[in-house]
Amino acid sequence: MKMNDKMYEFLKWILITVVPALITMLGVINTVVAIPNYDIIVTIIGAVATFIGSCIGVSTANYRKAAK
C-alpha cells in the first residue's frame, strides 16, 4: 500500500496530535464524571491508533523502497 501525500499527512496528524489529546481529555473527564466503559473506549482508540500507525509504517516502507 502506498498512500498519497495528503492522506499520509492527515493520518500522521491524527496519530500524533488527535489521539493523545483525545485519550488525555477522556482520562481527565473520567476522573470527574466516571465515564461508563472507559476501559473499553480507550482500548478501542488504542487499537485504531495502532492500525493507523501500521498503515503509515507500511506506506513509508513502500515509498522508501520505490525511491531507491
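User: What makes the span of H1 close to the expected one?
Analyst: Helix H1 (residues 5–33) has 29 residues and reaches 40 Å from first C-alpha to last, close to the 42 Å expected at 1.5 Å a residue. The expected span is 1.5 Å times one less than the number of residues. Helices (H or I, at least four residues) are DSSP runs, numbered from the N terminus. This is a predicted model: local features need pLDDT of at least 70, and side-chain atom pairs count only at pLDDT 80 or more, while totals for chains, interfaces and linings use all residues. Residues are numbered from 1 along each chain as its sequence is written, and side-chain values use heavy atoms, without hydrogens and water.

User: Where does H1 bend, and which proline follows?
Analyst: The bend is about 35° at valine 18, and proline 20 follows within four residues. The angle is taken between axes fitted to the seven residues ending there and the seven starting there.

User: Which residues of H1 are called buried?
Analyst: Tyr8, Leu11, Ile14, Val19, Leu26 and Gly27. Buried means under 20% relative accessible area, exposed over 50%, partly exposed in between (1.4 Å probe, protein chains only). These buried residues pack against helix H2 (38–67).

User: Why is alanine 34 called exposed?
Analyst: Its relative accessible area is 55%, so alanine 34 counts as exposed. Alanine 34 lies in the loop between H1 and H2.

User: Why is asparagine 37 called exposed?
Analyst: Its relative accessible area is 54%, so asparagine 37 is exposed. Asparagine 37 also sits in the loop between H1 and H2.

User: What is the phi of asparagine 37?
Analyst: Asparagine 37 has a positive phi of about 60°, although it is not a glycine. Most residues other than glycine have a negative phi.

Key. Helix = DSSP H or I, 4+ residues; strand = E, 2+ residues; numbered from the N terminus. Contact = heavy atoms within 4.5 Å.
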